[in-house]
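Please read this short report with the structure open beside it. It takes the chains first, then sheets, helices and aromatic rings.

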There are 2 protein chains.
Amino acid sequence: MNERELIAQLVPQLPLNDRVIAGAGDDCAVIDLGLAADWVLFKIDATLEGVHFARDAEPRAVGHKALGRCLSDVAAMAGKPICALIALGLPAQFDPARVREIYAGINTLARRYQVAVAGGETSLSPDRLTLTVSLLGTVPQNHCVRRSGARPGDGLWVTGELGGSILGKHLAFEPRIQQAAWLRARFDLHAMIDLSDGLSTDARHLAQASEVGAELTAESIPISAAAWRRADDNASAALRAALNDGEDFELLFALPDSEHMALQAAWPKAFPDLKLTAIGTCTATRGLRLRQGNTLLELHEHGYDHFA
Amino acid sequence: MNERELIAQLVPQLPLNDRVIAGAGDDCAVIDLGLAADWVLFKIDATLEGVHFARDAEPRAVGHKALGRCLSDVAAMAGKPICALIALGLPAQFDPARVREIYAGINTLARRYQVAVAGGETSLSPDRLTLTVSLLGTVPQNHCVRRSGARPGDGLWVTGELGGSILGKHLAFEPRIQQAAWLRARFDLHAMIDLSDGLSTDARHLAQASEVGAELTAESIPISAAAWRRADDNASAALRAALNDGEDFELLFALPDSEHMALQAAWPKAFPDLKLTAIGTCTATRGLRLRQGNTLLELHEHGYDHFA
């Protein structure tokens, strides 16, 4: 049994209550705590030495990634992050200077988005340093963007460039908090997800949650320089990297076709340094397909499964 | 440098914002999300195989402990728990039946207190199974009980019996959610903490946060049967266990002397099966002392320091 099969067994058993608007299966849990206009976004993510970062990774970047992963999930629901807690797992022999630098990375990113770090806890973690971050945010109830709102005919858009994150971006990505807030305020976002498992997997997640299919256009997928580098400039290997590599931490979203032109015109003025690309369309036919020239390929499950 | 010295360096650097009522240093972080009458309680706690439970521990009890530790912290602030997330770390080779039993333990405890488990995330944890739980709760703003409100002359009370938790209670304790809510509704709780590091350490935490001292009466400290068993019926060893053993997960609280008689009368009717004991007094003189017959001993730092 792999991780996904196990989760599929566990999730239906989890107890819920009338405060839960969205539980397992979206980027954040969505909770109604009784605020007049907002829902609360609630997220947890673990970042482990030897799994999510190498032992010799730059400590500030490790801290940046640990908090950034949660921020990216709040961005995916167009929310505002407010407060984080950190569970720090430390080996018996630890280097205090390294831990201070990790926290400097956390704190710098937190300050950039006015996020408080309201403490947490420390425990012994004999084998490796671990950072588990929990994050609280809010989102207006009428503007909470979930994975499940895409409709046939919607355009699919992606920020930034994809693939090859392992060469460095996975430790240095910028969570798309600002972009998501800007989009939410101006456009009718139908569905959104952050790319953590790879475009092909996360596009499938969004499509499945929305009960639609999707067709991506190979020529339009923005391939990063790192993906080209990893692929030794081989075009099909670079495309595969952009489709399947994890940890891009970019946004994938679905927008009605009627807003296509307006978004294309407004984006470069708001974010001149960040690419935005229309990469495909939602379809009534389920499944995920890739159009490459005259051929249409069925895309099967790919991406990142820790227990594959 | 040990864990506490490191934390003392890290905490003053953490960024805060105007939503944070209480950050690091209380049982939960206290956040103002804009609710009319309530504050939000926010907690994270990691539970690791080989650190917080043995590899052969009963799986349901492991799940119970992982969630129960967070519930105990919400109880310590007299709050109502609402929603949990779980970060599950799984070795590459895991036993699905064991994980299902762990979740059965989590879910049973969650249902008992109407707590939702709104998902979380799973990641590879190569060496050991880990469960990090984050919990959201609420507490009325005018009834949030912190560590810092004790005053000289207040009585110090403790629920249950102390010491020897390692013989079993550390996996089977009941978080004192109901008792804390009952106390809050009827009495003027000045300060409260849950006993996770051991009475001597946690009494010191409460006293230091309140800028008072405390005097405990040795004869009144409720020593558990497990503490006696561990001490081979040696009275001073059993007392030391009750003072210094960790993971009792009972409540220690400070109450004005004027409410002493009323509490002593009302408690046994409300909770006939749970002991409540007045164990000492808060004092203007700082420090922690133990009165044993005619002698007064200074208690120095004890309890549980993972990195001592």
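What follows is a tour of the main features of this model.

**The two chains**

The model is predicted, so local features are described only where pLDDT is at least 70. Start with the two copies. Chain B can be laid on chain A by a turn of 180° and a shift of 0.0 Å along the axis. Look along chain B for the C-alpha nearest the axis: it belongs to B:Leu35, 2.8 Å away from the axis. Both copies use the same surface, for 100% of the contact residues of chain B recur in chain A.

**A helix pair across the chains**

Two packed helices are described by the angle between their axes and the distance between the axes. Take helix H1 (residues 3-10) of chain A and helix H3 (residues 96-112) of chain B. Their axes come within 11 Å and cross at roughly 35°. The crossing of H1(A) and H3(B) is right-handed. Which residues make the contact? From H1(A) come A:Leu6, A:Gln9 and A:Leu10. From H3(B) come B:Pro96, B:Val99, B:Arg100 and B:Tyr103.

**Two open sheets**

Strands of a sheet pair through backbone hydrogen bonds, either parallel or antiparallel. Chain A has an open sheet of six strands with mixed pairing. Its order is S1-S2-S3-S6-S4-S5. Which strands of chain A stand at the edges? They are S1 (20-22) and S5 (116-124). Each has a single partner strand, so one side of each is left without a neighbour in the sheet. Neighbouring strands of this sheet are turned by 25° against each other on average, direction ignored.

Chain B has an open sheet of seven strands, again with mixed pairing. Here the order is S8-S10-S7-S11-S9-S12-S13. The edges are S8 (191-194) and S13 (295-298) of chain B, each with a single partner strand. The twist averages 25° from one strand to the next.

| Strand | Partner strand | Bridges | Residues opposite each other |
|---|---|---|---|
| S2 (residues 29-31) of chain A | S3 (residues 38-48) of chain A | three | A:Val30 and A:Leu41 |
| S12 (residues 288-292) of chain B | S13(B) | four | B:Arg291 and B:Leu296 |

A helix also packs on the chain B sheet. H9(B) touches strand S7 (155-159), strand S10 (251-255) and S11 of chain B. The direction of H9(B) makes about 15° with that of S7(B).

**Aromatic rings**

A pair of aromatic rings is described by the distance of the centres and the angle of the planes. The count over all chains comes to twelve aromatic pairs. Consider B:Trp182 and B:Phe271. Their ring centres are 5.5 Å apart and their planes stand at 80°, so the pair is edge-to-face. B:Trp182 lies in helix H5 (residues 177-186) of chain B. B:Phe271 lies in the loop between helix H9 (260-270) and strand S11 (276-283) of chain B. The pair therefore ties together parts that are 89 residues apart in sequence.

Are these two residues buried or exposed? B:Trp182 has 12% relative accessibility, so B:Trp182 counts as buried. B:Phe271 has 13%, so B:Phe271 is buried too.

B:Phe271 also pairs with B:Trp267. Here the centres are 4.7 Å apart and the planes are at 45°, so the pair is tilted. Both B:Trp267 and B:Phe271 are buried. In chain A, one aromatic cluster is formed by A:Trp182, A:Phe187, A:Trp267 and A:Phe271.

Methods: Residues numbered from 1 in each chain as written. Chains lettered and ligands numbered in written order. Predicted model: local features only at pLDDT ≥ 70, side-chain atom pairs only at ≥ 80, totals over all residues. Heavy atoms only, no water. Least-squares fit on C-alpha atoms with pLDDT ≥ 70 in both. Contact = heavy atoms within 4.5 Å. Pairing = 2+ DSSP bridges. Helix = DSSP H or I, 4+ residues; strand = E, 2+ residues; numbered from the N terminus. Axes fitted to C-alpha atoms, helices over the stretch in contact; angles between N-to-C directions. Phe/Tyr/Trp six-rings, centres within 6.5 Å; stacked < 30°, edge-to-face > 60°. Buried < 20%, exposed > 50% of the residue type's maximum accessible area, 1.4 Å probe, protein only. Left-handed = near helix turned anticlockwise from the far one by under 90°.
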